Amino acid sequence: MRAVGLHADVVVATSRAYQTTCTLVRAGAEAFCIDSPIFPDELEIVPALADQAGFTVVGLLATHADWDHVLGRYAFPEAPLGCAETTAARLVSEPGNAQRKMREFDEEFYVERPRPLSLPSAQRLPVPGKLEVGDRELELQPAEGHTEDGMAIWAEWARVLVCGDYLSPVEIPMLQGKGTVSAYLATLARLEPLVEQADHVVPGHGGPIDGVRAAAILREDRAYLEALLEDGEAAQLPLARRTAEQRKIHAANVAHARV
Ligand SMILES: [Zn+2]
């Protein structure tokens, strides 16, 4: 697992699986842990990483309800979980889904965990809205389209945007569940002014990246989604994201957009 400090108050760890990111953000005497890495050894290291940085984690935040982002309880077993209303609703309406998806991954890669995944009932945060951390505030913005739920988190004082599964340098826009192209495009429009102000952007997978690169990815993703609506299967993938795996995601997006 790779860990980097983006600011005196922000540390990002990137998982070996899917390059999933976990962001620790601190203000005053409090810190939040946003999303999670995936492998047990990585989850075990996160509290030490927080300690080393002098961060006291008082809560977990999840950008959305996909299983690969909600494993924070393995790192901080007592911490309460906060998320968007849309995410809390999804966790309630899909009971056991995250656990099942995690188990499928673990079976495929022979991963053993110390205990089953506990997902405490989540605290519903006002989105759009503000969340206090220490003597600062995090700005929460809805981020839907990839799935039907989610939020992006803007730490203005640090100029860091944690955006969930958008603006990834390694993954093309992915439509899942009740996610839609129009909601995705609306999220990109909402994120754009924050990306312009950001020194660093932390996508759910890959990164962190600087604001200029994130802005370029935003333009590429918008062009891809517009082409997906217009041309379907013939839509061009962003140049740096044309691997076989990304083509599979594209094929799934074509099927998804047709429904
Ligand atoms: Zn994800």
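**Notes on a predicted chain**

1. Let's begin in a loop: Tyr110 sits between α3 (97–109) and β7. Keep in mind as you look that this is a predicted model. The phi angle of Tyr110 is near 55°, a positive value in a residue other than glycine. Is Tyr110 buried or exposed? With a relative accessible area of 74%, Tyr110 is exposed.

2. Next, have a look at Arg159, in the loop between β10 (151–155) and β11 (160–164). Here, too, phi is positive in a residue other than glycine, with a value near 55°. Arg159 counts as partly exposed, at 37% relative accessibility.

3. Now for the cis peptide bonds. One joins Val127 and Pro128, with omega about 0°; Pro128 belongs to the loop between β7 (123–125) and β8 (129–133). Another runs from Gly207 to Pro208, with omega near 5°. You will find Pro208 in the loop between β12 (200–203) and β13 (209–210).

4. Stepping back, the chain contains six helices and 13 strands. A compact globule of 259 residues would have a radius of gyration near 18 Å, and the 17 Å of this chain agrees with that. Along the principal axes, the C-alpha atoms fill a box of roughly 50 × 40 × 30 Å.

5. How much of the chain is buried? Buried residues make up 55% of the 259. Among contacts with a separation of 6 or more, 63% are between residues 24 or more positions apart.

6. Last, the surface and the charges. The chain exposes about 11500 Å², of which carbon and sulfur atoms supply 51%. There are 24 positive and 38 negative side chains, and the centres of these two sets lie 2 Å apart.

Methods
Residues numbered from 1 in each chain as written. Predicted model: local features only at pLDDT ≥ 70, side-chain atom pairs only at ≥ 80, totals over all residues. Heavy atoms only, no water. Helix = DSSP H or I, 4+ residues; strand = E, 2+ residues; numbered from the N terminus. Rg over C-alpha atoms; globule rule 2.2 N^0.38 Å. Buried < 20%, exposed > 50% of the residue type's maximum accessible area, 1.4 Å probe, protein only. Contact = heavy atoms within 4.5 Å. Areas by Shrake-Rupley, 256 points an atom, 1.4 Å probe, with all protein chains shown as cover. Lys, Arg positive; Asp, Glu negative; His and termini not counted. Charge placed at Lys NZ, Arg CZ, Asp CG, Glu CD.
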